[in-house]
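Q: Could you walk me through this structure, one topic at a time?
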Amino acid sequence: MNKDIIEGKWEQLKGKAKEKWGELTNDDWDVVEGKRDQLVGRIQERYGRSKEDAEKEVDDWFNAQ
């Protein structure tokens, strides 16, 4: 998904994203602010995923939205 689209729709998607990745804190979400690479990094950190797995998970989730 295009970076600009993610950032533009972020407020709409944030609630659903919080449901999906509940281990991320409000501070994490403030840092992410719709930036795909930041979200991938936080998922890697909190869930112990590889970069490739986290990227795929984020892309799959955004494409399903």
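A: To begin with a definition, a residue is buried under 20% relative accessible area, exposed over 50% and partly exposed in between (1.4 Å probe, protein chains only). Helices (H or I, at least four residues) and strands (E, at least two) are DSSP runs, numbered from the N terminus. This is a predicted model, in which local features need pLDDT of at least 70 and side-chain atom pairs count only at pLDDT 80 or more, while totals for chains, interfaces and linings use all residues. Residues are numbered from 1 along each chain as its sequence is written, and side-chain values use heavy atoms, with hydrogens and water left out.

Q: Which residues of helix α2 are buried?
A: In helix α2 (residues 10-20), they are Trp10, Leu13, Lys14 and Ala17. They lie on the same side of α2, because they cover an arc of only 125 degrees around the axis; the arc is that of the directions from the helix axis to the C-beta atoms.

Q: What is on the other side of α2?
A: Gln12 and Glu19 are there, and they are exposed.

Q: How do α2 and α5 pack?
A: Their angle is about 120 degrees and their axes are 12 Å apart. Axes are lines fitted to C-alpha atoms, for helices over the stretch in contact, and angles run from 0 to 180 degrees between N-to-C directions. α2 is therefore oblique to α5; angles under 35 degrees count as roughly parallel, over 145 as roughly antiparallel, 65 to 115 as roughly perpendicular and the rest as oblique.

Q: Which residues meet there, α2 against α5?
A: From α2, Trp10, Leu13, Lys16, Ala17 and Lys20 meet Glu57, Trp61 and Phe62 of α5. Contact means heavy atoms within 4.5 Å.

Q: What about α4 and α5, at what angle do they pack?
A: α4 packs with helix α5 (residues 51-64) at about 125 degrees, and the axes are 9 Å apart. The two helices are therefore oblique to each other. Among the residues that meet are Leu39 and Ile43 in α4, and Ala54 and Val58 in α5.

Q: New topic: where is arginine 42?
A: Arginine 42 is in helix α4 (residues 36-47). Its side chain is joined to that of aspartate 28 by a polar contact of 2.6 Å. A polar contact is a pair of N or O atoms within 3.5 Å; within protein, one must be able to donate a hydrogen and the other to accept it, and residues adjacent in sequence count only if both atoms are side-chain atoms.

Q: Last one: is asparagine 63 buried or exposed?
A: Asparagine 63, found in helix α5, is exposed, with a relative accessible area of 54%.
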